[in-house]
Amino acid sequence: TPRIVHIQSKKVGVINRFIQFCIIGYVIGYAIIFKKGYQDFDNVQSVVTTKVKGIVMVNTTVHPDIQPIWDVADYIVPPQENNAFFVITNLIVTPNQSIGICPEDSTIHGSNCTVDKDCPAGTSLPVGNGVLTGKCDPDVSRCEIHAWCPVENGTTKAPKPAVLEESKKFTVFIKNNIEFPKYSVKRRNLPDNVSNDYLQSCRYDGGANSRCPIFTLQSIVEGANSGSYGEVAMEGGVIQIRIKWNCNLDLSVDKCLPEYSFRRLDSSTYKISKGYNFRYSRNFKDANGTEFRTLYKAYGIKFVISVSGQARKFAPVPFFTNVGSGLALLSIATIICDIVVLYILKARALYKEKKYLQVVGDDAYKVLD
């Protein structure tokens with residue numbers, strides 16, 4: 001049965017009070033105040049839409065195969081994505097392709113040949129541009145293919161500087177609507193008390209205009225510490241736009257505001273498959289009805305938008321749960337003090353004698369001598 005012993009000792013008293021002070025400090029300072037243990041939480045639910053604007057003119061003297069004017073219908077491919085958008089910044093163009101027979105590109109592994117049997121008909125090479133005809137072109141020693149001809153030249157490097165480097169001046173309007181269902185609170189990143197004139201002129205700068213939902217692409221890329229916009233525009237990249245909503249609903253709902261940050265998800269130090277690019281085409285027919293296409297290898301920046309956050313508000317259940325846990329933790333002080341007085345202090349034999357009382361009942365087993 002438990003036995004209570006009141007020990008009058010300065011050492012034990014100091015240890016006991018110190019441990020109790022640490023536990024109380026942890027419960028009040030960390031669990032309740034710092035970790036908001038007096039509040040309940042709800043995770044954000046969000047939807048994001050974007051609208052990019054801007055026009056750039058290409059120097060057709062340097063790039064004669066590229067159309068001179070590019071607007072949002074040209075450089076945003078595809079036009080809409082979920083929580084993301086892609087902006088073309090650089091191009092390699094293969095104009096006037098038509099379906100026919102031509103040699104495979106020299107950079108495709110297995111395209112070189114000496115005799116026809118090196119090009120089995122009806123098959124295609126890995127990452128090849130067409131289907132093998134079974135013929136070896138003796139002029140270039142490469143297999144012939146059924147494909148859109150002439151094929152893209154795989155040795156062509158991305159233009160430097162980027163063809164659409166002036167896209168750094170483009171703007172993107174990010175509209176973010178969020179809700180905390182538990183508290184029936186809805187917010188958006190657009191200030192309610194502004195006019196259309198404000199949206200025409202404001203640009204996010206992280207300071208006085210931190211509420212403005214319109215960003216220049218250059219400010220996003222360079223805000224991600226990924227180098228200059230021109231460097232990223234050369235071969236493309238992936239940039240994350242992070243919107244964080246951390247709202248204390250014990251205060252005014254008007255103080256529930258978003259925070260923006262940016263980071264690059266890929267790396268410019270990769271040795272192979274660096275940047276971001278894909279191919280697409282624009283098809284057309286000539287006066288004779290022959291179908292042609294212009295093939296674009298488009299380099300660009302993919303912007304991925306992620307929204308996170310929590311709303312918190314006072315609730316009695318988590319508050320009293322943390323208080324109750326703190327009171328239970330105070331018993332640790334007694335346990336540690338028991339260990340100290342029974343096994344560490346010099347007078348441990350005396351304390352053991354006072355703490356434990358041996359009582360031998362009439363029916364106890366007797367040890368035989």
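Figure 1. The structure shown here is a predicted model. The side chain of lysine 274 meets that of glutamate 235 in a salt bridge, with an N to O distance of 3.6 Å. This pair links distant parts of the chain, since glutamate 235 belongs to helix 5 (residues 229–235) and lysine 274 to the loop between strand 12 (258–264) and strand 13 (277–285), 39 residues apart. Glutamate 235 is likewise partly exposed, because its relative accessible area is 31%.

**Figure 2. The salt bridge between lysine 182 and aspartate 40.** In this view the side chains of lysine 182 and aspartate 40 meet in a salt bridge, for which the N to O distance is 3.3 Å. Because lysine 182 lies in the loop between strand 8 (171–180) and strand 9 (185–188) while aspartate 40 lies in strand 1 (residues 39–43), the pair ties together parts that are 142 residues apart in sequence. Lysine 182 has a relative accessible area of 46% and so counts as partly exposed, and aspartate 40, at 30% relative accessibility, also counts as partly exposed. The count of salt bridges in the model comes to 9.

Figure 3. Arginine 264 forms a salt bridge with aspartate 266, in which the closest N and O atoms are 2.7 Å apart. Both of these residues, arginine 264 and aspartate 266, are buried. The view also takes in glycine 227, whose C-alpha atom is 9.9 Å from that of arginine 264, although the two residues are 37 residues apart in sequence. Glycine 227 is placed in the loop between helix 4 (217–223) and helix 5, and its relative accessible area of 35% is the reason why it is described as partly exposed.

Figure 4. Most residues other than glycine have a negative phi, and most peptide bonds are trans. Against that background, asparagine 225 has a positive phi of about 55° although it is not a glycine. Asparagine 225 lies in the loop between helix 4 and helix 5, and at 71% relative accessibility it counts as exposed. Lysine 36, also not a glycine, has a positive phi near 55°; the residue is located in the loop between helix 1 and strand 1 and is partly exposed, with a relative accessible area of 25%. A cis peptide bond joins cysteine 149 and proline 150, with omega at about -5°, and proline 150 lies in the loop between strand 7 (142–149) and strand 8. Lysine 160 and proline 161 are joined by a cis peptide bond with an omega of about 0°, and the place of proline 161 is in the loop between strand 7 and strand 8.

**Figure 5. The largest pocket and its lining.** The largest pocket holds about 440 Å³ of space. Its lining is made up of 17 residues, of which Val5, Ile7, Thr334, Cys337 and Asp338 are the closest to the centre of the pocket. Helix 1 (10–34), helix 7 (331–343) and helix 8 (348–355) are the elements that give two or more residues to this lining. Sorted by class, the residues that line the pocket are 8 nonpolar, 5 polar and 4 charged.

**Figure 6. A nonpolar patch on the surface.** The residues Tyr26, Tyr30, Phe34, Leu329, Ile332 and Ile336 form a nonpolar surface patch that together has about 550 Å² of accessible area. Two or more residues of the patch are given by each of helix 1 and helix 7, with helix 1 providing the largest share, 3 residues. Isoleucine 336 is found in helix 7, and its relative accessibility of 33% means that it counts as partly exposed.

**Figure 7. Alanine 121 in the loop between strand 5 and strand 6.** Alanine 121 is found in the loop between strand 5 (84–103) and strand 6 (131–137), and it counts as exposed because its relative accessibility is 54%. The C-alpha atoms of alanine 121 and lysine 157 are separated by 31 Å, the two residues being 36 residues apart along the chain.

Conventions:
Residues are numbered from 1 along each chain as its sequence is written. This is a predicted model: local features need pLDDT of at least 70, side-chain atom pairs count only at pLDDT 80 or more; totals for chains, interfaces and linings use all residues. Side-chain values use heavy atoms; hydrogens and water are left out. On a 1 Å grid over the protein atoms alone, a cavity is a set of points where a 1.4 Å probe fits but cannot get out, and a pocket is an open set with protein on both sides within 12 Å along at least five of seven lines; lining residues have an atom within 4 Å of a point. Grid points are joined across faces, edges and corners, and a volume is the space filled by probe spheres set on the points. Helices (H or I, at least four residues) and strands (E, at least two) are DSSP runs, numbered from the N terminus. Ala, Val, Leu, Ile, Met, Phe, Trp, Tyr, Cys and Pro count as nonpolar, Asp, Glu, Lys and Arg as charged, and the others, Gly among them, as polar. Patches are made of residues with over 30% relative accessible area and no salt bridge: like charges are joined within 9 Å, nonpolar side chains (Val, Leu, Ile, Met, Phe, Trp, Tyr) within 5 Å. Accessible areas come from the Shrake-Rupley method with a 1.4 Å probe; for residues, only the protein chains shown count as cover. A salt bridge is a side-chain nitrogen of Lys or Arg within 4 Å of a carboxyl oxygen of Asp or Glu. Buried means under 20% relative accessible area, exposed over 50%, partly exposed in between (1.4 Å probe, protein chains only).
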